[in-house]
Amino acid sequence: MTSSEHVVILGSGQAGLRAAARLRSCSYGGQVTLAGDEPTLPYYRPPLSKDYLKHGNDNKLWLRKKEFFKKQNINLKLGCRAISIDRKVRRTCFDDGQHLDYDHLILALGARNRILPVPGIDLDGVISLRTLEDAREIRARMTHAKRLVVVGGGFIGLEFAASAHKQGVEVTVIESQSRLMSRVVCPAVSDYFLDAYQSVGVDVQFARRVDEIVDDGRGNVAGVGLAGADAIRADLVLIAIGVVPNVELAVEAGLTVSDGIAVDENMTASDPMISAIGDCTSFIHSASGRQVRLESIQNANDQANCVAAKLVGEKSPYTSVPWFWSVQYGGKLQIAGLTVDADEFVRCPSQTGYGFVVHCFKNRSYLGTECVGAPAEHIIARKLLALPNKVTKREMGGCDYNLMALLSD
Amino acid sequence: MTILVFIDVDGNETRVDATDGDTIMETAVDHDVEGIEAECGGEMMCATCHSYIDQEFLDRLPPRTEEENEMLECTAAERNERSRLTCQIIVDPEIDGVRIFLPESQY
């Protein structure tokens, strides 16, 4: 691309910022504009459910300071929402009446919280957590909150539950499935964390459906009504039931969308002049052949790196090993690989840390490892998964396996 | 304002005027210093912010936590007694002039 060409990035979250930064560090010489509907500098999201709730220091969150953008010649267009993409003339229009013409468009639109469509959902005291603005509001509310109900026992719900509980708030977690984090971890790990929360006095209820948020008569939350069970008193309710990808712009522009903006292994969408990266995309996971949508820092970073490489002429297919982490009561949970389809589990004490690991297999083939309090083994698992030949269950053996030896084979 | 000196494997030096209170990792990332990846943004999950700290300054730093120690076991470049995760080192005037030796690779 020549210096007169223009890459426009829609979305100033993790993926968008990373793409902009990587384009410049790969010496991309064209114009780069990073546009996002949030008014702040791009920021790191994971601390919002954890440390940020304690310290409330915005300056610890910025992914880059504002001098970085000037120095790297990255144009910022913040606090405006893109409302349309005209693919014929390669133009994106914004709600402030402005437009940006692109030679290549990168969609890094992210995801938004799923709404719980029950009566009372708009009452004062019902919150959700995705943005910095949400987190600031939540911090303010937590100073006088006494009883919190968290609807959703996934990563965000549990991290927030731990943060709130540490600040002295009484917490109940409501989960519609039969175990915690059922979408992402194996039963042994769910059980471990359930125990961690219950042992500090967090109430966890399973197989419960919320059918209303109860009004105190003045428009504030008074409690959470459950189908077939007693209502729970609350003055603060967090809805944490997952996210939906922001695909509307892509749908309206006629791009292929399938639970996420469909991209190939080079992040190219169904229009060769448009790429998509991060939480909003769906793609084929190379190791398993499955279509996936990953909600993680790793995926945002690695897909951003992939698109930047493509745009500077160093195309390299996306084959990164997925990995995730969560920090909650019970410690550090790290997942290497996609373990959701596993049909066999081998649980072992950690060989290095204080915790345990669960190796997950499908049809005797290694899918990945869920680690609790075993950070070094997590890193080894990631390396194992990156090997060109799939590791089998027979090679891993029992709990006396030598992971490092497998790596050097 | 504390000066950090990053030295790559070829001996090239990059002097950076760091802000007290930032971590060495944050400073490197902000100033686009190549060689520190910080995949996990400073949450001690990835060991890609590994560097070797000049012996003279090592003792002025708070010691490694058990967690940092564990993560250092899996750095891509070989670990030695001067290895630290730079996301765990906070910049302050005490370490003005610290020499930070970047490893060959973080992967």
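This briefing describes the contact between two protein chains, the salt bridges of the structure, and the setting of one residue of chain A. The model is predicted. Chain A and chain B bury about 2,000 Å² between them, and 5 salt bridges are counted between the two chains. Over all chains, the structure holds 30 salt bridges.

**The interface between chain A and chain B**

- The contact involves 31 residues from chain A and 20 residues from chain B.
- In chain A, the residues that lose the most area to chain B are Lys65(A), Lys332(A) and Ile379(A), which together account for 23% of what that side buries.
- Carbon and sulfur atoms give 48% of the area buried between the two chains.
- There are 11 residue pairs in polar contact between chain A and chain B, counting pairs with both residues at pLDDT 80 or more.
- Several elements of chain A each supply at least two residues to the side that touches chain B, among them helix H1 (14-25), helix H8 (297-311) and strand S22 (323-328).
- Helix H9(A) provides the largest share of that side, with 7 residues.
- By class, the side of chain A that touches chain B comprises 15 nonpolar, 7 polar and 9 charged residues.

**Salt bridges that involve both chains**

- Lys332(A) forms a salt bridge with Glu67(B), with the closest N and O atoms 2.7 Å apart.
- Lys65(A) pairs with Asp30(B) in a salt bridge whose closest N and O atoms are 3.0 Å apart.
- This pair joins two chains, because Lys65(A) lies in the loop between helix H2 (51-55) and H3 of chain A, whereas Asp30(B) lies in helix H1 (residues 24-30) of chain B.
- Lys65(A) is partly exposed, at 31% relative accessible area, while Asp30(B) is buried, at 14%.
- A network of salt bridges links Lys50(A), Glu159(A) and Glu43(B).

**Salt bridges within chain A**

- Arg45(A) and Glu38(A) meet through their side chains in a salt bridge of 3.3 Å, N to O; Arg45(A) is partly exposed at 24% relative accessibility, and Glu38(A) is buried at 19%.
- Glu295(A) and Arg293(A) form a salt bridge of 3.1 Å, N to O; Glu295(A) is partly exposed, with a relative accessible area of 31%, and Arg293(A) is buried, with 18%.

**The setting of Ala336(A)**

- Ala336(A) belongs to strand S23 (residues 331-337) of chain A and is buried, with a relative accessible area of 0%.
- Beyond its neighbours within four places in sequence, Ala336(A) is in contact with residues including Pro322(A), Trp323(A), Leu367(A), His378(A) and Leu385(A).
- Trp62(A) lies 274 residues from Ala336(A) in sequence and 27 Å from it in space, C-alpha to C-alpha.

Note on methods: Residues numbered from 1 in each chain as written. Chains lettered and ligands numbered in written order. Predicted model: local features only at pLDDT ≥ 70, side-chain atom pairs only at ≥ 80, totals over all residues. Heavy atoms only, no water. Helix = DSSP H or I, 4+ residues; strand = E, 2+ residues; numbered from the N terminus. Buried < 20%, exposed > 50% of the residue type's maximum accessible area, 1.4 Å probe, protein only. Contact = heavy atoms within 4.5 Å. Buried area = accessible area lost by both parts, 1.4 Å probe. Salt bridge = Lys/Arg side-chain N within 4 Å of Asp/Glu carboxyl O. Polar contact = N/O pair within 3.5 Å; in protein donor to acceptor, adjacent residues only side chain to side chain. Nonpolar A, V, L, I, M, F, W, Y, C, P; charged D, E, K, R; others polar.
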